Amino acid sequence: IGLEGEGEARVDDAPARLGAGDVVFLPLGAILEIRNRSEVDPLRYLIIKARGASSAWIFRFRPCIDEH
């Protein structure tokens with residue numbers, strides 16, 4: 001799950017954008033590479049492991065801003 005910055009995730013050599021709100025699915029046994037596209041700003045991400053998932057999904061979420 002992308003938290004901050006702009007990067008690229010490669011799952012078995014298939015590229016996917018990795019930025020704030022992006023989720024990249026990694027199937028069991030797949031090879032993951034993560035690259036920061038910026039030489040200045042950090043790329044922050046969270047890795048969550050779960051059993052039983054079986055498809056390569058990429059989700060994009062827009063940040064929710066509470067104005068109250």
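This is a predicted model: local features need pLDDT of at least 70, side-chain atom pairs count only at pLDDT 80 or more; totals for chains, interfaces and linings use all residues.
Modeller: Local features need pLDDT of at least 70 and side-chain atom pairs 80 or more, while totals for chains, interfaces and linings use all residues. Side-chain values use heavy atoms, without hydrogens and water, and numbering starts from 1 along each chain as its sequence is written.

Biologist: How many helices and strands does the chain have?

Modeller: Helices (H or I, at least four residues) and strands (E, at least two) are DSSP runs, numbered from the N terminus. Here there are zero helices and seven strands, in the order β-β-β-β-β-β-β.

Biologist: What share of the chain is buried?

Modeller: Buried means under 20% relative accessible area, exposed over 50%, and partly exposed in between (1.4 Å probe, protein chains only). Of the 68 residues, 19% are buried.

Biologist: Where is Ala 20, and why does Ala 20 count as partly exposed?

Modeller: Ala 20 sits in the loop between β3 (14–19) and β4 (22–24). Ala 20 is partly exposed because its relative accessible area is 36%. Gly 5, 15 residues away in sequence, is 6.5 Å from Ala 20, C-alpha to C-alpha.

Biologist: Which residues make the nonpolar surface patch?

Modeller: Patch residues have over 30% relative accessible area and no salt bridge; like charges are joined within 9 Å, nonpolar side chains (Val, Leu, Ile, Met, Phe, Trp, Tyr) within 5 Å. A salt bridge puts a side-chain nitrogen of Lys or Arg within 4 Å of a carboxyl oxygen of Asp or Glu. In this chain Ile 1, Leu 3, Leu 46 and Ile 48 make a patch of about 360 Å². Ile 1 precedes β1 (2–4) and is partly exposed, at 33% relative accessibility.

Notes
Accessible areas come from the Shrake-Rupley method with a 1.4 Å probe; for residues, only the protein chains shown count as cover.
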